[in-house]
Amino acid sequence: MPALLITGANRGLGLGLLKLYAAEGWRVLAVCRDPARATELSAVASASNGRVTLHRADMEDIASIDALGATLKGVAIDVLVNMASYYGKAIMTEPGGLQEFGASDYADWRKIHAVNVLAVMRLCEVLVENVAASQRKVIVNLSSIAGSIGTIKAGGMGGRLYAYRASKAALNMITRAMAEDLRPRGITVVPLHPGWVKTDMGGPKADLDVATSTAGMKKVIDGLTLEKSGRYWVYDGSNMPW
Ligand SMILES: NC(=O)c1ccc[n+]([C@@H]2O[C@H](COP(=O)([O-])OP(=O)(O)OC[C@H]3O[C@@H](n4cnc5c(N)ncnc54)[C@H](OP(=O)(O)O)[C@@H]3O)[C@@H](O)[C@H]2O)c1
């Protein structure tokens with residue numbers, strides 16, 4: 001039975017995507033920072049005959065990621081999905097939340113980069129042997145169109161969200177570099193944009209519901225091969241300009 005490890009598993013796209021794999025009989029290692037409060041995820045785990053298990057790690061804390069890795073020694077992971085992410089303070093209600101030029105909150109910048117870049121790098125480093133020991137050997141890092149330099153235009157997001165955008169551009173670079181680095185070991189590594197989706201992060205005005213985005217992402221992930229490694233994927237199967 002193949003195994004998926006996914007962060008950000010307690011809500012949003014992480015919870016949505018893991019349900020699809022659990023329904024197909026996969027073993028799912030569901031990572032979140034507070035399993036005791038992950039009510040919906042716990043219900044999925046309870047109904048899974050032990051195939052879905054909860055694991056704790058705080059993506060702001062490298063030691064916590066290392067501790068997770070230590071508990072998983074020798075466990076093959078076919079698909080590793082780095083889904084957890086921090087967007088920054090509330091956009092409309094907190095000072096500096098828009099992340100515009102001239103209003104940078106550097107404590108928030110650090111938190112955004114800790115979760116969106118450093119944690120992803122570390123989790124890949126810590127779990128690479130687990131992925132290498134699996135059949136599928138796939139790593140998927142959740143990116144965003146917000147990190148695409150090739151699609152930036154004046155106005156709109158271009159004038160704001162500096163910290164989040166920079167974090168996803170950095171995520172794209174480490175993912176692209178890892179794709180080359182890990183190719184000789186047969187490991188496929190890609191960034192994936194889920195679309196603009198109705199979650200806590202995407203908000204109620206987003207284009208897509210969770211079911212549409214996660215079904216598309218699953219199709220992309222299931223179709224990944226080493227030849228498709230290092231390309232910047234979108235949930236609908238297209239490629240995004242870097
Ligand atoms: N929704 C969109 O429109 C959209 C668009 C483009 C890209 N994305 C990307 O898609 C992915 C999923 O987004 P989403 O919409 O599902 O986001 P979401 O609803 O805001 O969920 C974010 C997840 O990340 C977890 N997380 C945040 N900080 C963490 C930390 N320090 N340690 C552990 N977990 C932490 C949250 O856990 P807690 O519950 O503990 O906070 C939650 O599970 C993200 O990588 C995001 O950047 C989303």
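In this predicted model, a backbone N or O atom of Met-59 lies 2.8 Å from a nitrogen atom of the ligand. On its own the ligand has 890 Å² of accessible area, and the protein covers 93% of it.

| Residue | Protein atom | Ligand atom | Distance |
|---|---|---|---|
| Met-59 | backbone N or O | nitrogen | 2.8 Å |

**The shell around the ligand**

The ligand is surrounded by 28 residues. The closest of these are Asn-10, Arg-11, Arg-33, Tyr-164 and Thr-199. Sorted by class, the shell holds 12 nonpolar, 10 polar and 6 charged residues. Two helices, H1 (12-23) and H5 (162-182), each contribute at least two residues to this shell.

**Packing of the helices that line the ligand**

Both of these helices also pack against another helix. Two packed helices are described by the angle between their axes and the distance between the axes.

H5 packs with helix H4, which spans residues 106-132. The angle between H4 and H5 is about 15°, and their axes are 8 Å apart. Angles under 35 degrees count as roughly parallel, and H4 and H5 are therefore roughly parallel to each other. The crossing in which H4 passes H5 is right-handed.

H1 is paired with helix H6, residues 210-222. The axes of H1 and H6 come within 9 Å and cross at roughly 60°. H1 and H6 are therefore oblique to each other. H1 passes H6 in a right-handed crossing.

In outline, H5 supplies shell residues and runs roughly parallel to H4, while H1 supplies shell residues and lies oblique to H6.

Technical notes: Residues numbered from 1 in each chain as written. Predicted model: local features only at pLDDT ≥ 70, side-chain atom pairs only at ≥ 80, totals over all residues. Heavy atoms only, no water. Near = heavy atom within 4 Å. Polar contact = N/O pair within 3.5 Å; in protein donor to acceptor, adjacent residues only side chain to side chain. Areas by Shrake-Rupley, 256 points an atom, 1.4 Å probe, with all protein chains shown as cover. Helix = DSSP H or I, 4+ residues; strand = E, 2+ residues; numbered from the N terminus. Nonpolar A, V, L, I, M, F, W, Y, C, P; charged D, E, K, R; others polar. Axes fitted to C-alpha atoms, helices over the stretch in contact; angles between N-to-C directions. Parallel < 35°, antiparallel > 145°, perpendicular 65-115°, else oblique. Left-handed = near helix turned anticlockwise from the far one by under 90°.
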